[in-house]
Amino acid sequence: MNLLDKQLYDANFQVIGSQLVAWKDARPDNKTLDNLIKSLNEMYVYTNSLNMRVLTQESIIKKYKEDNFNLRKQFNDLIK
């Protein structure tokens with residue numbers, strides 16, 4: 001997910017969340033709205049955790065690739 005995708009994702013969740021909160025304020029005794037707000041929050045947290053996992057894995061892979069390149073370079077310098 002690039003930065004623009006992340007911003008769009010966050011903006012969409014913000015719009016949906018704001019509308020649910022407005023409806024909840026208008027009808028504070030509505031249990032369905034309570035459940036929708038909780039569900040939306042859980043979806044947001046879950047999706048963000050997946051995104052963080054991907055970013056972490058990409059960072060680790062990049063580091064391994066850099067290490068691999070440096071080791072190959074050292075090896076080539078050694079055998080010359």
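Lys63 is partly exposed, with a relative accessible area of 44%. In this predicted model, the side chain of Lys63 forms a salt bridge with that of Asp67, at 2.8 Å from N to O. Asp67 is also partly exposed, at 30% relative accessible area. Both residues lie in helix α2. Because Asp67 and Lys63 are four residues apart in that helix, about one helical turn separates them. Side chains of opposite charge can pair when their charged atoms come close.

The count of salt bridges comes to three. Another joins Asp10 and Lys6, with an N to O distance of 3.3 Å. This pair sits in helix α1. Asp10 and Lys6 are four residues apart, so about one helical turn lies between them.

Lys24 is buried, because its relative accessible area of 15% falls under the 20% cut-off.

The overall fold was examined next. The protein has two helices and zero strands. Its radius of gyration is 23 Å. For 80 residues, the globule rule gives 12 Å. The value for the protein is well over that, so the protein is more spread out than a compact globule. Along the principal axes, the C-alpha atoms fill a box of roughly 75 × 20 × 10 Å. Of the 80 residues, 12% are buried. The protein exposes about 7000 Å². Carbon and sulfur atoms supply 61% of this area.

The largest nonpolar core has five residues: Tyr9, Phe13, Leu20, Leu33 and Leu40. Helices α1 (residues 3-26) and α2 each give two or more residues to this core. The largest share, three residues, comes from α1. Phe13, one of the core residues, touches Leu40, Met43 and Tyr44, with residues up to four places away in sequence not counted.

Asn51 is a polar case. This residue is found in helix α2. Asn51 counts as buried, because its relative accessibility is 13% and the limit for burial is 20%. Asn51 is in contact with Met1 and Lys6, leaving aside neighbours within four places in sequence. Lys6 also takes part in the salt bridge with Asp10.

The surface was then considered. Phe75, Leu78 and Ile79 make a nonpolar patch of about 370 Å². Leu78 is found in helix α2, which spans residues 31-79. At 69% relative accessibility, Leu78 counts as exposed, because this value is over the 50% cut-off.

How values were computed. Residues numbered from 1 in each chain as written. Predicted model: local features only at pLDDT ≥ 70, side-chain atom pairs only at ≥ 80, totals over all residues. Heavy atoms only, no water. Patch = residues over 30% accessible without salt bridge, like charges linked within 9 Å, V, L, I, M, F, W, Y side chains within 5 Å. Areas by Shrake-Rupley, 256 points an atom, 1.4 Å probe, with all protein chains shown as cover. Salt bridge = Lys/Arg side-chain N within 4 Å of Asp/Glu carboxyl O. Buried < 20%, exposed > 50% of the residue type's maximum accessible area, 1.4 Å probe, protein only. Core = buried A, V, L, I, M, F, W, Y, C linked by side-chain atoms within 4.5 Å. Contact = heavy atoms within 4.5 Å. Rg over C-alpha atoms; globule rule 2.2 N^0.38 Å.
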